[in-house]
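Hi everyone, thanks for coming.

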Amino acid sequence: MFHGSEQTRLLVISPHLSDAVLSFGAGLAQAAQDGVQATVFTVFAGTASPPYSPAAQRLRGIWGISPDQDASPYRRKEDIAALGHLGVDHRHGRFLDAIYRKSPDGQWLADNVPGRQKVAINRQSSQGDSDLFSAVKADIESVVDECTPTLIVTCAAANGHIDNEIARDAALFVAHEQGIPVRLWEDLPHAVFGLDAVELPGGFHLGPPDFSSVTTETWARKVEALKCYSSQMLMLNGPDKDLFAQLEKHARESSPHGGYGEKTWAVV
């Protein structure tokens, strides 16, 4: 993926804090090891103010964050530690996660799923909120101007999350306008349990999947970086769900040659 590594400038567009490391952390570690200039821009990393949606309140409890504690700086600190461990730079966006946003009719976008730790996000088009989409696209343009990437990597958004679709589609439009190649990662850990079809905006198409193998050491750095997200590990990892075993099993099953790695697709 990183041909002419020292001349490669990689910009990773992550919808949420931890998304990039979950899905592309080994690739980031490999990029740093290969001498690539790499930056992760997390779009929906803004600071929310109360009142919070019931879904957000419930998640904050799972994350171990008290009701009167601001979760955003805490989670951004985790992200800085994780990306620093991988050896890549970070940028944090100003936009609110969907769990903190409302739809135009004043209803919360996120709702609790009874009996489960997950939340349901109301489905809508990535450009359904045109003002939000335009603002995200403009901020991605600013980061592109700053980092001058030769490659952009972002999510496939096959998990159906509106934030992922906004980040992906805005990145695709910016990349197309500026002639920058794009690759999409397989959304993890969602892919372990099955994903929806990838539906790209008109004119964009997925190329064939590519599995990029990494070394055992690089995979270990991904695992170590994920452990920096202590709030997320309380939700994703535990006695009854070993996240790291699931990721390793999925990686091995996806690899055509054995070993570790991550799947991405080119966009044509």
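First, a term: a crossing is called left-handed if the near helix is turned anticlockwise from the far one by less than a right angle, and right-handed if clockwise. Here, H3 and H7 cross in the right-handed sense. Please keep in mind that this is a predicted model, where local features need pLDDT of at least 70, side-chain atom pairs count only at pLDDT 80 or more, and totals for chains, interfaces and linings use all residues. Residues are numbered from 1 along each chain as its sequence is written, and side-chain values use heavy atoms, with hydrogens and water left out.

Helices (H or I, at least four residues) and strands (E, at least two) are DSSP runs, numbered from the N terminus. H3 covers residues 71–86 and H7 residues 216–226; they pack at about 165 degrees, with axes 8 Å apart. Axes are lines fitted to C-alpha atoms, for helices over the stretch in contact, and angles run from 0 to 180 degrees between N-to-C directions. The pair is therefore roughly antiparallel, the word for angles over 145 degrees.

Who touches whom (heavy atoms within 4.5 Å)? Ala-82, His-85 and Leu-86 of H3 meet Arg-221, Lys-222, Glu-224 and Ala-225 of H7.

Now look at H7 itself. Thr-218, Trp-219, Lys-222, Val-223, Ala-225 and Leu-226 are buried, meaning under 20% relative accessible area, with exposed being over 50% (1.4 Å probe, protein chains only). Turned away from that buried side are the exposed Thr-216 and Glu-217. Among the elements covering the buried residues of H7 are H1, H3 and strand E8.

Methods: Angles under 35 degrees count as roughly parallel, over 145 as roughly antiparallel, 65 to 115 as roughly perpendicular and the rest as oblique. Contact means heavy atoms within 4.5 Å.
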